[in-house]
Amino acid sequence: MTEPITPELQKFYDIFDGVDQSKVSEFKDFLETNAVNFNLFKEGNFIERSFPFDMIPRIIPKKEFDHLEAGIIQRVRALNAFLNDIYTDQKIVADGIVPKEYIDSATGYLPSFQGVIPPKGIRTHISGIDLVKDTVSGEWVILEDNLRVPSGVSYPLTIRRAFRHTYPEFFEQMKISKIRQYGTELKDAMDHVNTGGLNVILTPGRYNSAFYEHSYLAKVTGATLVNGDDLIIEDKVVYLRSYNGERLRVGAIYRRLDDDFLDPQEFDAESLIGVPHLMSAYRAGNVAVMNGIGNGVADDKGIYYFVPEMIRYYLKEEPILSNAPTYLPYYEKDREYVLANIDKLVIKDVAEAGGYGVLFGNRLTPQQREEIIAKIIENPRRFIAQEVIEFYDLPCMLNGGIEPRKADLRAYVIYGEEITVSMGGLTRYAMEEGNYLVNSSQGGGFKDTWVVEL
Amino acid sequence: MIDTAITINMAQRLYWKGRYVQRAQTMLKELLLGYDNVIDRDIDYGRYHYAKLDIEIDYGNAYDFIYQGVYGNHSSSIASIIMMARENAIEARNLLEERGFARLNLIHNCIVSARGKEVTPAMVEDFIDDLSFILGIFSSELGRTKAYNFVRLGQYVERFDLILRLYGGFDYVNAELDAMNTLAKRLNPDYQFNKIFTSDLTKALALVNGIINKVIEEKACIFDTVEKESQTQG
């Protein structure tokens, strides 16, 4: 079902009808010429691929976005509080809100970081919150919180500039919120937690799927783009090795690699892309690492279930935005429901991401059904089950016409001196009709997201 | 204006980006010159010319000569030079002017998509024009001074390297060596000026190509080695 046309979307179509639509091809040319890529690894091969773009934006009325913004900020505040609690007193566990087993068995939980307090107590510096709009309730529903290394923000930021150059009419005639301040906000957030020294963006390197984004963010923040071997640790202080032999102190690292690869002395000893002994500097409070170490415990799919309770517990507020109805097979009552209703649920493996490990119950063969049931019974903590959210399709320019496609929204949140939500975000759509998986790693495309005031 | 800290890795990328772009332009110009000479003077002109770079190429006529220059299976093919220029540019693009990067990427995309098709002198001229645009940015960019000084240094070194190899122009290199020395000194105040007192081609090439190693401090690299060794031992 396609989202009903709002006056804001109607305004877009009115202008769209009057513009030179043949210029749409300029977007593809722009993305290819500028190598705005989201690369893929397929069967062991590195494939450079520009991210498919659809020019019809998702348009969110300003009032509706204000509501979203309040809900997202509330959620990020609670998640940050949860992480601070989990890595110190674990009051939420002691008070019986979240079972200890869920914390201890979360793959992203790092007990060795218990008691480590990051600069300014901020752990969720950059979050990507995934939402969809439910066709039944008409409300936005949170699908996922990405608190480790959420990617994607550079694509709408990049395409917005091209859009303004190609079709200024929309920006002249519509009141579209600006997003270009994202770079400044990110820089300010880095400065806010910086312990004294340079801001750097740590990339796994050119063959990472999101390398374009790492480079883009370095450009717009003025931070130095570094590989692991550009940094050294001496006396628990991080230094950048400048070309002229100088060692320049580093105060904030926006790392774009997972915990596992960050420090071969602490995590995966095989990692060649990390910085040996970096965690000694982090533990000593000599450098800010963005996002915080061990954040994976909070965006674990199993922990997601408890976020509304976290909001009530830490903030003493009612959640503004809802989760998708979720069941934890860990609880006997939920398990019984899941096993009895598996055909109408989505089953998610909590250890997977990027659209992998997601099974739609109504598409399972009898054998697959038996297998997944056996796995749930054997290890209920490993799975969650959710009601299928019938979320809205958005109109996309495909196959020479306009066709509906499932689309989600990733909202980007920066936690600095204040918490800000970028007034746009990345709208991802599935390439095939009826496909619910919109992830870029699953071949999906993207749209810009316009927050519009009439 | 952005002039961020430059790492050893990034300095190398910028320097090599300058070298490969300059190499591409010089080799394209040589291809055009060779094309006329293959037609007018000697069908084997291209073979002799590439032999100066220790490269063997084989072709049947002037068009084929150009094709082999662009796509031949050798290290100085335009396709491989542009690919290397682009690889370095991708890694350093946050410090580079966007239009220059886009133009280089466009050349790369054209070369990739045209493989197997006829290469005409007009196409070569278009590539030269595009590369001249990029080289123009090298010399006019003021905002990211340090980064572009690395690119310019690479550009100078490459130009003189090729002049020495192809034409043995010692006088020209000596006259222009000051420009390279000045750039190197700007990038690293500890840099000691180089002079060429030899007519030995190999030694002169080693000297010009070694300038970058005096700009990127050896002690930075030594520290790296010591660090890695101590980690291994630890």
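Tutor: Buried area is the accessible area (1.4 Å probe) that two parts lose on being put together, summed over both. The model is predicted: local features need pLDDT of at least 70 and side-chain atom pairs count only at pLDDT 80 or more, while totals for chains, interfaces and linings use all residues. Residues are numbered from 1 along each chain as its sequence is written, chains are lettered from A and ligands numbered from 1 in the order in which they are written, and side-chain values use heavy atoms, with hydrogens and water left out.

Between chain A and chain B the buried area is about 2900 Å², and carbon and sulfur atoms supply 50% of that. On the side of chain A, the residues that lose the most area to chain B are A:Lys219, A:Arg241 and A:Tyr243, which together give 30% of what that side buries. Counted by contact (heavy atoms within 4.5 Å), 36 residues of chain A meet 36 residues of chain B.

A salt bridge here is a side-chain nitrogen of Lys or Arg within 4 Å of a carboxyl oxygen of Asp or Glu. By that rule, four salt bridges cross the interface of chain A and chain B. In one salt bridge, the side chain of A:Arg161 meets that of B:Glu98, with an N to O distance of 2.9 Å. A polar contact is a pair of N or O atoms within 3.5 Å; within protein, one must be able to donate a hydrogen and the other to accept it, and residues adjacent in sequence count only if both atoms are side-chain atoms. Across the interface of chain A and chain B, 16 residue pairs are in polar contact, both residues being at pLDDT 80 or more.

Which elements of chain A each supply at least two residues of the side that touches chain B? They are α2 (25-33), α9 (211-221), β8 (224-226), β9 (231-234), β10 (237-241) and β11 (247-255). The element that gives the most to this side is α9(A), with five residues. Helices (H or I, at least four residues) and strands (E, at least two) are DSSP runs, numbered from the N terminus. By type, the residues of chain A that touch chain B divide into 15 nonpolar, eleven polar and ten charged. Nonpolar covers Ala, Val, Leu, Ile, Met, Phe, Trp, Tyr, Cys and Pro; charged covers Asp, Glu, Lys and Arg; the others, Gly among them, are polar.

The partner chain can be described briefly. Chain B has eleven helices and zero strands. Buried means under 20% relative accessible area, exposed over 50%, and partly exposed in between (1.4 Å probe, protein chains only). Of the 234 residues of chain B, 55% are buried. Among contacts in chain B between residues at least 6 apart in sequence, 66% join residues at least 24 apart.

For the rest of the model, the salt-bridge count over all chains comes to 42. One of these pairs A:Asp145 with A:Arg75 at 2.6 Å, N to O. A:Asp145 and A:Arg75 are both buried.

Another salt bridge brings together the side chains of A:Asp299 and A:Arg148 at 3.1 Å, N to O. A:Asp299 lies in the loop between β12 (288-290) and α12 (301-304) of chain A, and A:Arg148 in the loop between β5 and α6 (154-166) of chain A, so the pair ties together parts 151 residues apart in sequence. A:Asp299 is buried at 9% relative accessibility, whereas A:Arg148 is partly exposed at 33%.

A:Glu309 and A:Arg312 also meet in a salt bridge, at 2.8 Å, N to O. Both lie in helix α13 (residues 307-315) of chain A, three residues apart, about one turn of the helix. A:Glu309 is partly exposed at 34% relative accessibility, and A:Arg312 is partly exposed at 31%. In chain B, salt bridges that share partners join B:Arg19, B:Arg23, B:Glu158, B:Asp161 and B:Arg165 into one network.

Finally, the cysteines. A:Cys396 is buried, at 0% relative accessibility, while B:Cys110 is partly exposed, with a relative accessible area of 37%.
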